[in-house]
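Me: Hi! I'd like to learn how to read the features of a protein structure, one at a time. Could we look at one together?

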Amino acid sequence: MAPSENESEHVEELGVKEKNHSKTVQWVLNPPEPPTLWCEFTGSIKAALPSKSRPIWSHVMVFLNGLFPILQWGRNYNLRMFKSDLMAGLTLASLSIPQSIGYAGLARLDPQYGLYTSVVPPLIYAVMGSSREIAIGPVAVISLLLSSMIQKSADPSVDPTSYRKMVFTATFFAGVFQAAFGILRLGFLVDFLSHAAIVGFMGGAAIVIGLQQLKGLLGITHFTNKTDVISVVRAVWVAVHQPWHPHNFLIGCLFLIFILIARFLGRRNKKLFWLPAIAPLLSVVLSTLMVFLTRADNHGVKTVQYVKGGLNPSSASQLEFNGTHVGEAAKIGLIAAVVALTEAVAVGRSFASAKGYHIDGNKEMTAMGFMNITGSLTSCYVATGSFSRSAVNFSAGCKTAVSNIVMAITVFLALQFLTRLLYYTPTTILASIILSALPGLIDIGEAYEIWKVDKQDFLACIGAFFGVLFCSVEIGLLVAVTISFANIILNLLRPRIQMLGRIQGTDIFCSVSQYPVAVKTPGFLITRIDSSFFSFINANFVRDRILSWAVEDHTSENSDEAGQKVQFVIIDMSNVVNIDTSGIAALEDIHKKLVSHGLQLMFANPGWQVIQKLKLSKFIDKIGGDKIFFTVGEAVDACLESKKEFSMC
C-alpha cells in the first residue's frame, strides 16, 4: 500500500530534521582542540608583544611606547596644556608638602622621608604611568600599614636605623611584586581584595588613624605602638589623666575647623577649588608664625624642630636581603603592594572614566613597581595614588602627568630652601591635616549600598572594618580575604540547579522559578547547571539534586495518573565552562541510575573544555553521540519525534 501524502510529508520533514541534527551534533562533538592553560598564559604575554613581521626598530619603538606612555602623549603636548598642568602641580604641592610630613610621622619616620616620597616616585610615574589625573606620594593607609607591621620586628623608638632599613627593604619588595604583577599580566591578583573589602578596610583604617592622631593633637609624649582601637583608647585615657598642655589641643582644633570650612566652601563653589588645597599649607605657615612669635614651644607646644633638607640621599646600602627579617620584609612588601595597587588602580580608573579614556591596569602596575623600586633606593617608602590629592589635581584642571613633575620639583625646592622654616611648626597641625583627610576614607553611603545589594559581600566589608579596628591592619585584610573566599567556595559548593520550561510559542527554555510563564514539557525533566566549574567541590550536590528530581518525578503516583511521568532528562550545560574527573564521574552515576529506571539522559550545548574532556574520558562513547544536542529545543524535538515513532510502531 502506497504511503499517503501526509505520511510522505512527515517522512520528508523527519529526514530534514535528522540531517540538521547530525550537522549540529558534529559541531558540538568535533570542535577545534581547546587551548591549554600554558597556551592561554603565553598567549596573553605574546599578545602584548609586537609582531615578528615588523622590523627591529619598529619593535623597539612599540616596546618603548608601551613602557613610557609619555612618548605618545608628549608629541601633542603644548604650552596651553603646560599652563594647566603648572597651576595644578603648584596647587597639588601646596597640599602634598604638609600631608607628606604628616604621613611620615604616621609611618614612624622623620618628616623628610615623607617629602622624599613626594619627589622621586611622582617623577618615575609621570614617564611610565598612563593616568593623567592620579597624584603620587605617601598615603595614610599605607603609612599605617607599614608602621603597624614593621614595628613588630624593629621598634622605631629603640632602634630607628633598623626600622628604617626594614621600611626601605619592604618598599623594594613591594616594587618588585608590583612590577612582576604588571609584566606577567597578573592584575587579577589585586581583585582578591573586593570592592566591599576595600570599603571596610579603609573605614576601619581611617578610624584607627584618627585615634592615632590624638597623640599629636593632645601633645602626648608616651603613646602605644599598637593600632587596635582598644589599645589606643586606653593610651589616650591614661595620657589625659597625666599632666598635659591644652595649647596643643586648642591650636590643632582651631586649624582643623579652618581646613574643614575651606573644604566646605570649595565643594559649594567649584571656582574655589584651590581653597581646600591651599588650606593645609596656609595652616602650617600661620601656626608656625604663631608659635614663633609667641614662643609657645616654651609653654608646652610640641614642634617639628629639625627637618633634614636637600636632595634624596641614596638608601641602596640600607636594603637588607640576608638578615633575619628578610622574609618578614617580603611579606610586608607583598601586602603593601596589593593594597597600594588596589587603591591606585581604583583611583586611576575612576578619574579616567570621568574624562572618557581607559587606563591599562597591567601598565599601571609596572609603573608603580618601578617607581617603588627606585624609591627604595632613594630614601622613599611605598608610594601610591592618593584619592584626595588626585581629586585636587582633577579639580585644578590638570591635562597630563606633568602636574606630578611640577609637584615633585616644587617639593624638592621646599626641601632645598624651606626646611629650616619648619622648626617651629607645631606637630598638632600635622595631626589636624591628617584628621581633615580622613572623612573621605569613611564611605558610609557605599557601605549601606553594599548591604542593600549583597549581604554576603557586606560580611567582607564589615569583617575588614572590625578586623582593622579591634585587631590589626593585616588581620583586617586577612578576615576580608577569608570571607571573600568563603563566599566563592559556598557558591561553588551549592550551585543553582534550575528547572527549565518552554515559553509558549517559542523555542526558548528558561527557569520556571524566574519566569512563571515558562511551562514544563510533559514527560521531560529539563535542568540547567548554573556553575562555571563542575568539579569535585560540587559534583555530589549536582548529582544528588538531579537524581532526586528525576527519580521522584518518575516514581510519583501523581505524575503517573496525570500522564506526566518523566521519560527524558535533559541537562543544559551551556553555563559549564570546565569539568574535572569528579564531575565526569558524577555524570556517569547519573546516567547509570537513570538507565536503571528506564530514563534517557540528554545533554545540551556542553562547553568547549567540557566536550573535549567527555570525549577523552570515553563518556560520549558510553551514552552515544546522538544524546548530545546543540540546544535544549533541539533535544526536546528529537525526543518527541522518537516518542512519536515509537507510538506509531
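Predicted model: local features only at pLDDT ≥ 70, side-chain atom pairs only at ≥ 80, totals over all residues.

Me: How many residues of helix 19 are buried?

Reply: A residue counts as buried when its relative accessible area is under 20%. In helix 19 (residues 427-437), 10 of the 11 residues are buried, so this helix is largely enclosed by the rest of the structure. The buried ones are T428, I429, L430, A431, S432, I433, I434, L435, S436 and A437.

Me: Next, how do I read the way two helices cross? At what angle do the axes of helix 10 and helix 20 cross?

Reply: Compare the directions of the two axes, then look at the residues that touch. The axes of helix 10 and helix 20 (residues 444-453) come within 10 Å and cross at roughly 140 degrees. That angle makes helix 10 oblique to helix 20. Their crossing is left-handed.

Me: Which residues make the contact of helix 10 with helix 20?

Reply: Helix 10 brings H195, A196 and V199, while helix 20 brings E446, A447 and I450. Sorted by class, this contact of helix 10 with helix 20 has 4 nonpolar, 1 polar and 1 charged residues.

Me: Now for salt bridges. What is the general idea?

Reply: Side chains of opposite charge can pair when their charged atoms come close. In this model, the count comes to 11 salt bridges. One of them joins the side chains of E449 and K452, at 3.3 Å from N to O. Both residues lie in helix 20, 3 residues apart, which is about one turn of the helix.

Me: Which salt bridges link distant parts of the chain?

Reply: Here are two such pairs. The side chains of R543 and D589 meet in a salt bridge of 3.3 Å, N to O. R543 sits in helix 23 (residues 539-555) and D589 in helix 25 (residues 581-596), 46 residues apart. R543 counts as buried at 19% relative accessibility, whereas D589 counts as partly exposed at 32%.

The other pair is E588 with K622, whose closest N and O atoms are 2.9 Å apart. E588 belongs to helix 25 and K622 to helix 27 (residues 619-623), 34 residues apart. E588 is buried, with a relative accessible area of 19%, while K622 counts as exposed at 52%.

Me: What links R502, D507 and D637?

Reply: Those three residues are linked in a network of salt bridges.

Me: One last feature: what should I know about phi?

Reply: Most residues other than glycine have a negative phi. With that in mind, look at S379, where phi is near 65 degrees, a positive value. S379 lies in the loop between helix 16 (361-376) and strand 2 (384-386), and is buried, with a relative accessible area of 2%.

Me: Where does N605 lie, and what is its phi?

Reply: N605 lies in the loop between strand 10 (600-604) and helix 26 (608-616). Its phi is near 50 degrees, again a positive value in a residue other than glycine. N605 is partly exposed, with a relative accessible area of 30%.

Note on methods:
Residues numbered from 1 in each chain as written. Heavy atoms only, no water. Buried < 20%, exposed > 50% of the residue type's maximum accessible area, 1.4 Å probe, protein only. Helix = DSSP H or I, 4+ residues; strand = E, 2+ residues; numbered from the N terminus. Axes fitted to C-alpha atoms, helices over the stretch in contact; angles between N-to-C directions. Parallel < 35°, antiparallel > 145°, perpendicular 65-115°, else oblique. Left-handed = near helix turned anticlockwise from the far one by under 90°. Contact = heavy atoms within 4.5 Å. Nonpolar A, V, L, I, M, F, W, Y, C, P; charged D, E, K, R; others polar. Salt bridge = Lys/Arg side-chain N within 4 Å of Asp/Glu carboxyl O.
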